[in-house]
Amino acid sequence: MWWQYALVFLGAFLFDVVPFPFPPAFTIMVFLQIVFDLNVWLVILIGVAGSIFGRYVLTLYIPSIAGNIFNPDKNEDVQFLGVVLKKKGWKSQLIIIAYSLLPLPTTPLFVAAGMAKLRPIYIIPAFFVGKFTSDTVLVHFGKYSTENAEKMLQGAFSWQSFLSMSFGVLMLSALLFIDWRSLIQKKEFKVNFRIWK
């Protein structure tokens, strides 16, 4: 039975290591919990660990990808945004927790952190608090809904999930195409689509 929990870890890791909006990791956790009738608390603990490890790896490799595909101005712009986040201190941590509590992709958050070269330790503790809390609620809800598993799986491809993924793409686009230095320093809203090398 250990291999089923290994699947939970691997699934959560794979859902959260990709640099583009993907379905939230709790969807694979709920699915595997239902299919294999796994212990809910073990699924939550192992799944959240896999998710955090995935996000950690994402923050490590995204700077090299960003350096190869985005022009230097865009990388400097996002690094500036990271400096601003660091200066906000505990307020930034509250924003990360609040964002992690929402059923929205956290990919833009970690892409920004990676591109800004923030140390993972700065963002992961707050992410853990939000992720553990939201995944606990959602996986327990999944267990409660076991008898309606078919409806739940159909719901994974509903307009709500499409809207959530669209919001993730919108957030990632905002991160990449808004000139953050102009917005924060000069209070001028500028969009730049020439970010590629």
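Colleague: At roughly what angle do the axes of α2 and helix α3 cross, and within what distance do they come?

Modeller: Bearing in mind that this is a predicted model, the axes of α2 and helix α3 (residues 40-69) cross at roughly 150 degrees and come within 10 Å. The crossing of α2 and α3 is right-handed.

Colleague: Which residues make that contact?

Modeller: On the α2 side the contact is made by A25, M29 and Q33, and on the α3 side by V40, V43, I44, G47, V48 and S51. By class, six residues of the contact of α2 with α3 are nonpolar and three are polar, with no charged residues.

Colleague: And how do α1 and α2 pack, in terms of angle and axis distance?

Modeller: Helix α1 (residues 2-17) packs with helix α2 (residues 25-36) at an angle of about 160 degrees, and their axes are 8 Å apart. Since angles over 145 degrees count as roughly antiparallel, α1 and α2 are therefore roughly antiparallel to each other.

Colleague: Is α1 passing α2 in a left-handed or a right-handed crossing?

Modeller: α1 passes α2 in a right-handed crossing. The residues that meet there are W3, Q4, L7, V8, G11, A12, F15 and D16 in α1, and A25, T27, I28, M29, L32 and F36 in α2. The residues of this contact of α1 with α2 divide into 10 nonpolar, three polar and one charged.

Colleague: OK, switching to pockets: what volume does the second largest pocket have?

Modeller: The second largest pocket has a volume of about 540 Å³, and its lining is made up of 23 residues, with L81, L85, L109, A112 and W180 lying nearest its centre.

Colleague: Which elements give two or more residues to that lining?

Modeller: Those elements are α4 (72-88), α5 (90-101), α6 (107-115), α7 (120-144), α9 (159-177) and α10 (180-185). Of these, α4 gives the most to the lining of the second largest pocket, with six residues.

Colleague: How many of the lining residues are nonpolar, polar and charged?

Modeller: For the second largest pocket, the lining residues divide into 20 nonpolar, two polar and one charged.

Notes. Residues numbered from 1 in each chain as written. Predicted model: local features only at pLDDT ≥ 70, side-chain atom pairs only at ≥ 80, totals over all residues. Heavy atoms only, no water. 1 Å grid on protein atoms, 1.4 Å probe; cavity = no way out; pocket = protein on both sides within 12 Å on 5 of 7 lines; lining within 4 Å. Points joined across faces, edges and corners; volume = space filled by probe spheres on them. Helix = DSSP H or I, 4+ residues; strand = E, 2+ residues; numbered from the N terminus. Nonpolar A, V, L, I, M, F, W, Y, C, P; charged D, E, K, R; others polar. Axes fitted to C-alpha atoms, helices over the stretch in contact; angles between N-to-C directions. Parallel < 35°, antiparallel > 145°, perpendicular 65-115°, else oblique. Left-handed = near helix turned anticlockwise from the far one by under 90°. Contact = heavy atoms within 4.5 Å.
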